[in-house]
Amino acid sequence: MLLALLGGRFGRNKKSDAEIMVLQAQGGDEQVLHELLFSYSPFMKKTASQVCKRFIDDHDDEYSIALSAFNEAIEKFDQTNNASFLTFAHLVIRRRLIDFIRKESRRDEFSHDFMTAEEPEAHNGLADHAAAMAYSIEQQNQKRSEEIFLYEKMLQQFGLSFQILVKVSPVHQDTRLTSIQIAQLVAETDEYKQYLMDKKKLPIKDIEALVKVSRKTIERHRKYIIAMALLQMSDLHFLKEYLKGRLN
């Protein structure tokens with residue numbers, strides 16, 4: 001694992017109003033569910049606008065996707081993670097919108113290319129892909145070593161090292177999860193990512209407002225969050241393997 005950040009708890013000792021309402025909605029309170037969907041409509045539109053790079057209103061398909069994703073987040077939110085519900089919802093909305101955009105893009109690109117004559121080419125493409133992925137164990141080990149070297153160089157630009165990260169790595173799983181989610185939020189939000197790369201620090205004020213985690217807490221664990229954000233922004237595929245499952 002890539003270190004354990006933040007000793008102790010990363011979240012709040014007290015649940016936010018949103019999380020209390022989510023638990024009530026999960027318990028079958030339809031009125032609270034409708035109130036959640038109505039009250040956080042601006043939050044959904046803002047997140048959708050960030051992803052789509054344009055203004056989103058109630059009439060856009062993207063808003064319907066965001067609304068559905070927010071409802072999905074309500075259903076799947078697990079309070080035992082001790083992560084902020086709004087952070088979780090933000091990530092779910094982003095993923096569903098990105099999936100939608102990619103699907104629409106592929107549909108536009110291939111809408112006129114459904115002839116059976118192309119099936120052999122598809123078969124050959126799969127074979128080529130399988131062959132390209134057939135790396136030997138030695139090649140994989142070499143690739144991992146190269147990625148470790150590149151990641152170390154990347155960390156050095158931010159005054160970090162593997163030794164430092166070992167010291168600040170979280171011990172508790174819920175703390176680690178929250179940290180990785182915040183790092184993903186930074187990595188997937190263009191303005192936050194640009195801020196990090198330009199200033200070599202986190203946009204703590206913006207993050208604090210969104211994820212409902214105190215400035216003091218984010219600052220205490222900023223080194224690990226930065227390291228995780230850099231990793232997620234990179235093309236270091238082998239090192240990112242360990243994150244699988246934590247981002248879904």
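Visitor: In what order do the elements of the chain run from the N terminus on?

Guide: The elements run α-α-α-α-α-α-α-α-α-α-α-α-α-α. This is a predicted model, in which local features need pLDDT of at least 70 and side-chain atom pairs count only at pLDDT 80 or more, while totals for chains, interfaces and linings use all residues. Residues are numbered from 1 along each chain as its sequence is written, and side-chain values use heavy atoms, with hydrogens and water left out.

Visitor: How many helices and strands are there in the chain?

Guide: The chain has 14 helices and zero strands. Both are DSSP runs numbered from the N terminus: helices are H or I with at least four residues, strands are E with at least two.

Visitor: What does UniProt place at residues 61-74?

Guide: An unreviewed UniProt entry lists "short sequence motif: Polymerase core binding" at residues 61-74. UniProt positions follow the numbering used here, feature names are shortened, and annotations may be inferred rather than shown by experiment. In the model, residues 61-74 are 100% helix and 0% strand, and the end C-alpha atoms are 20 Å apart.

Visitor: Why does A66 count as buried?

Guide: Buried means under 20% relative accessible area, exposed over 50%, and partly exposed in between, with a 1.4 Å probe and protein chains only. A66 has 0% relative accessibility and therefore counts as buried. Its place is in helix α4 (residues 61-76). Leaving aside residues up to four places away in sequence, A66 touches M44, A48, I93 and L97; contact means heavy atoms within 4.5 Å. A66 and L97 are 31 residues apart in sequence, yet 6.9 Å apart in space, C-alpha to C-alpha.

Visitor: What makes T47 buried, and what joins the side chains of T47 and H90?

Guide: T47, in helix α3 (residues 41-52), has 2% relative accessibility and so counts as buried. A polar contact of 3.4 Å joins the side chains of T47 and H90. A polar contact is a pair of N or O atoms within 3.5 Å; within protein, one must be able to donate a hydrogen and the other to accept it, and residues adjacent in sequence count only if both atoms are side-chain atoms.

Visitor: How many aromatic pairs does the structure hold, and why is the pair of Y40 and F43 called edge-to-face?

Guide: The structure holds seven aromatic pairs. The ring centres of Y40 and F43 are 6.4 Å apart and the planes stand at 85°, so the pair is edge-to-face. Rings of Phe, Tyr and Trp (its six-membered ring) pair if their centres lie within 6.5 Å; planes under 30 degrees apart count as stacked, over 60 as edge-to-face and the rest as tilted.

Visitor: What are the distance and angle of the tilted pair of Y151 and F162?

Guide: The centres of Y151 and F162 are 5.9 Å apart, with 50° between the planes. Y151 lies in helix α7 (residues 137-156) and F162 in helix α8 (residues 162-168). Y151, at 1% relative accessibility, counts as buried, whereas F162, at 23%, counts as partly exposed.

Visitor: Which residues of the largest nonpolar core touch the most other members?

Guide: Of its 58 residues, these are F70, I74, F85, Y151 and L202. A nonpolar core is a set of buried Ala, Val, Leu, Ile, Met, Phe, Trp, Tyr and Cys residues joined through side-chain atoms within 4.5 Å. Helix α13 (residues 222-233) supplies the largest share of this core, eight residues.
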